[in-house]
Amino acid sequence: MAVPTPPGAPSDAHAAAPQSAGTQPAPSASPVAPGRRAFLATGAGAALAAAAGYFLHQPGNDRRLVFATLHDAMGEAERLNAASVHALEPATAWTWAQTLVHCAQSIEYSRQGFPSPKSALFQNTLGAAAFKVFTLRGRMSHNLAEPIPGAPALDAQTTDPSAAMARLRQAVQDFALHTGALQPHFAYGALTRAQYEQAHAMHLANHLSAFDGRG
């Protein structure tokens, strides 16, 4: 006579097979807790918002200049330098000399290499996307008080506008004569020579838009 199965006990058809010695059950993947998913999503959103704020920052009282070439941008820089140049507040907190050195640094680093580039992931995602937006509209916009990462402090070398302008002229000339490879931009990543010239022209236009001159 068969012995009845006790209530709640597994039947023979569903009984677990005995495990061989040394065999461990495969661990199941731990699901990501909803709170952690929300935290990761919030962190990614905050990083994206910070990057967008930097790249798409539009200062007040900005002339919004647009230049097709680096030569055209330098024409405006020379005009301002020969005039009684003045900053347009609150468009920029930098002096004329600080701005010229900053722009010269960017052009120099495109040949020498940027001291503290962003990660390859940043360059290939947010950086590349920002550059595409700028090129499509022909004008860039970014935080005009943000130094190049790793660059020497501007306030230590920017007391003489004449020296700053001479440095910018030299940087532009060296870039024009350079025939070797160009270094990746710290934010945009690898750029062709034509793209780099456009980047420099837009960078100068953005900063020069925060100044005007009389005379």
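Predicted model: local features only at pLDDT ≥ 70, side-chain atom pairs only at ≥ 80, totals over all residues.
R79 belongs to helix α2 and D212 to strand β2, so the pair ties together parts that are 133 residues apart in sequence. Both partners are partly exposed: the relative accessibility is 36% for R79 and 25% for D212.

R79 also meets the side chain of E76 in a salt bridge, at an N to O distance of 2.9 Å. These two residues are three positions apart in helix α2 and are therefore separated by about one helical turn. In an α-helix there are 3.6 residues a turn, so residues three or four places apart point the same way. E76 has a relative accessibility of 12%; because buried means under 20%, E76 counts as buried. R63, E76, R79 and D212 are linked in a network of salt bridges.

In the whole structure, six salt bridges are found. One of them joins the side chains of R167 and E108, at 2.8 Å from N to O. R167 lies in helix α5 and E108 in helix α3, so this pair ties together parts that are 59 residues apart in sequence. R167 is partly exposed, with a relative accessible area of 26%, whereas E108 is buried, with a relative accessible area of 13%.

Helix α6 comprises the 16 residues 193-208. At 1.5 Å a residue, α6 should span 22 Å, and its end C-alpha atoms are 22 Å apart, which agrees with this expectation. The buried residues of α6 are Y196, A199, H200, A201, M202, H203, L204, A205, N206, H207 and L208. The elements that cover these buried residues include helices α2 (70-82), α3 (96-112), α4 (120-137) and α5 (161-177), together with strand β2 (211-214).

Two packed helices are described by the angle between their axes and the distance between the axes. For α3 and α6, the angle is about 170° and the axes are 11 Å apart. Angles over 145 degrees count as roughly antiparallel, and α3 and α6 are therefore roughly antiparallel to each other. On the α3 side, the contact involves W96, T99, H102, C103, S106, I107 and S110, which meet Y196, H200, H203, L204, H207 and L208 of α6. The residues of this contact of α3 with α6 divide into six nonpolar, seven polar and no charged.

Terms used
Residues numbered from 1 in each chain as written. Heavy atoms only, no water. Helix = DSSP H or I, 4+ residues; strand = E, 2+ residues; numbered from the N terminus. Expected span 1.5 Å × (residues − 1). Buried < 20%, exposed > 50% of the residue type's maximum accessible area, 1.4 Å probe, protein only. Contact = heavy atoms within 4.5 Å. Axes fitted to C-alpha atoms, helices over the stretch in contact; angles between N-to-C directions. Parallel < 35°, antiparallel > 145°, perpendicular 65-115°, else oblique. Nonpolar A, V, L, I, M, F, W, Y, C, P; charged D, E, K, R; others polar. Salt bridge = Lys/Arg side-chain N within 4 Å of Asp/Glu carboxyl O.
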